[in-house]
Amino acid sequence: MTMQTVDPRALRDAFGAFPTGVTVVTACDADGNPIGFTANSFTSVSLNPPLLLVCLAKTSRNFATMTGAQHFAINVLSETQKDVSNTFARPVEDRFAAVEWAKGAAGCPVFSNVAAWFECAMEEVIEAGDHVILMGRIEAFDNSGRNGLGYARGGYFTPTLASKAVSAAAEGNIELAAVVERRGEVLLLGDDVLSLPSIDAHDGNPTETLEKYLETSTGLKVSIGFLYSVYEGKSDGKQHIVYHAVAGDGEPASGRFVKPDALAAAKFKTSSTADIVNRFAMESSIGNFGVYFGDETGGTVHPIPAKGAKA
């Protein structure tokens, strides 16, 4: 795409191909009240002197306060803090009531349980098109050792769980599956007994293997999204890795799209498949998704808010 015909939405999507961390930028207004917003347009700049930067849209409701602040803080969220990111990406009245925090040495809100935080003096505010660049000189920081929360193509990902899935795929005896969604409906195979589309994986990247299989078997354009479930199948001895995926328009060559809430009396190939589809139906209704990690009988669901981070 040439710059003469650039589509802002398409350009934003292209920028979104670059995986980033997720931060909440904080400061205090003239009355001492805390303000904050979610941002993934953050990067380190220099070790000597210690500098970092974050970009701020000129349309942000925090624009005047942030550009006039003498200090600000960057809270690098850990992979358990998707709810914090979601809260600070929305116009919630009392955002700070939803997070544990304390004031840093310069008075900026610093969150608990983050991967790292940096409190900075405002070094420079640089004009940059429809944004400004806030350059900060780091005066204090801490590194907890926790893994950071990831963000790419409009969705969160958790590096620890994703790496476990990829490591498992390298060990063999893996079944890859997908909850393939299109406008709220899920693609299911079979007539009397339903199952998710799946394939045994051996070598290579699991998402690439799964995407190729789905597009070949359905004849549809399919985009693999976030990791949805990783569990050990005690009954079949396999490691199961399930992704969320989105299908394009057209009639699938195999299977059919079904509304999840119409499957209350349906019979599934395995109890795990039933659990996955039922969970997806519930999560779709409230708009918050999660990734399950465990086995067939028990595990943990880590929430993945449907709304993405905002720069």
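The model is predicted, so local features need pLDDT of at least 70 and side-chain atom pairs count only at pLDDT 80 or more, while totals for chains, interfaces and linings use all residues. Residues are numbered from 1 along each chain as its sequence is written, and side-chain values use heavy atoms, with hydrogens and water left out.

The protein holds 6 helices and 22 strands. Helices (H or I, at least four residues) and strands (E, at least two) are DSSP runs, numbered from the N terminus. Of the 311 residues, 43% are buried. Buried means under 20% relative accessible area, exposed means over 50%, and partly exposed lies in between (1.4 Å probe, protein chains only). The protein exposes about 15800 Å². Carbon and sulfur atoms supply 52% of that area. Accessible areas come from the Shrake-Rupley method with a 1.4 Å probe, and for residues only the protein chains shown count as cover. Among contacts with a separation of 6 or more, 64% join residues 24 or more positions apart. A contact means heavy atoms within 4.5 Å.

In soluble globular proteins, nonpolar side chains tend to be buried together. The largest nonpolar core here has 21 residues. Such a core is a set of buried Ala, Val, Leu, Ile, Met, Phe, Trp, Tyr and Cys residues joined through side-chain atoms within 4.5 Å. Val25, Met66, Phe72, Ile74, Phe118 and Leu134 have the most contacts inside this core. Strands E2 (23–28), E3 (34–39), E5 (51–57), E6 (71–76), E9 (116–128) and E10 (131–143) each supply at least two of the core residues. E9 gives the most, with 4 residues. Phe118 touches Phe42, Leu52, Phe72, Ala73, Ile74, Val76, Ile138, Ala140 and Phe141, not counting residues up to four places away in sequence.

A nonpolar patch also occurs on the surface. Val6, Leu11 and Phe15 form this patch, with about 260 Å² of accessible area together. Patches are made of residues with over 30% relative accessible area and no salt bridge; like charges are joined within 9 Å, and nonpolar side chains (Val, Leu, Ile, Met, Phe, Trp, Tyr) within 5 Å. Leu11 belongs to helix H1 (residues 8–15). Its relative accessible area is 34%, so Leu11 is partly exposed.

Most residues other than glycine have a negative phi, and most peptide bonds are trans. The peptide bond from Asn48 to Pro49 is cis, with omega near 5 degrees. Pro49 lies in the loop between strand E4 (42–46) and E5. Asn113 is not a glycine, yet has a positive phi of about 65 degrees. Asn113 sits in the loop between strand E8 (109–111) and E9. This residue is partly exposed, at 42% relative accessibility.

Ser78 is placed in the loop between E6 and helix H3 (82–88). Ser78 is buried, with a relative accessible area of 2%. Ser78 and Asn113 are 35 residues apart in sequence, and their C-alpha atoms are 7.0 Å apart in space. Leaving aside neighbours within four places in sequence, Ser78 contacts Asn113, Val114, Ala115, Arg146, Asn147, Gly148 and Leu149.

The count of salt bridges is 7. A salt bridge is a side-chain nitrogen of Lys or Arg within 4 Å of a carboxyl oxygen of Asp or Glu. One of them pairs Lys238 with Glu175, the closest N and O atoms being 4.0 Å apart. Lys238 lies in strand E18 (residues 238–247) and Glu175 in strand E13, so the pair ties together parts that are 63 residues apart in sequence. Glu175 is buried, at 19% relative accessibility. Lys238 also meets Asp200 in a salt bridge, at 3.0 Å from N to O. Here E18 is linked to strand E16 (residues 198–201), which holds Asp200, and the two residues are 38 residues apart. Asp200 is partly exposed, at 38% relative accessibility. Salt bridges with shared partners join Glu175, Asp200 and Lys238 into one network.

Arg183 has a positive phi of about 50 degrees although it is not a glycine. Arg183 lies in the loop between strand E13 (174–182) and strand E14 (185–188). Its salt bridge is with Asp249, the closest N and O atoms being 2.9 Å apart. Asp249 lies in the loop between E18 and strand E19 (256–258), so this pair ties together parts that are 66 residues apart in sequence. Arg183 is exposed, with a relative accessible area of 65%. Asp249 is exposed at 60% relative accessibility.
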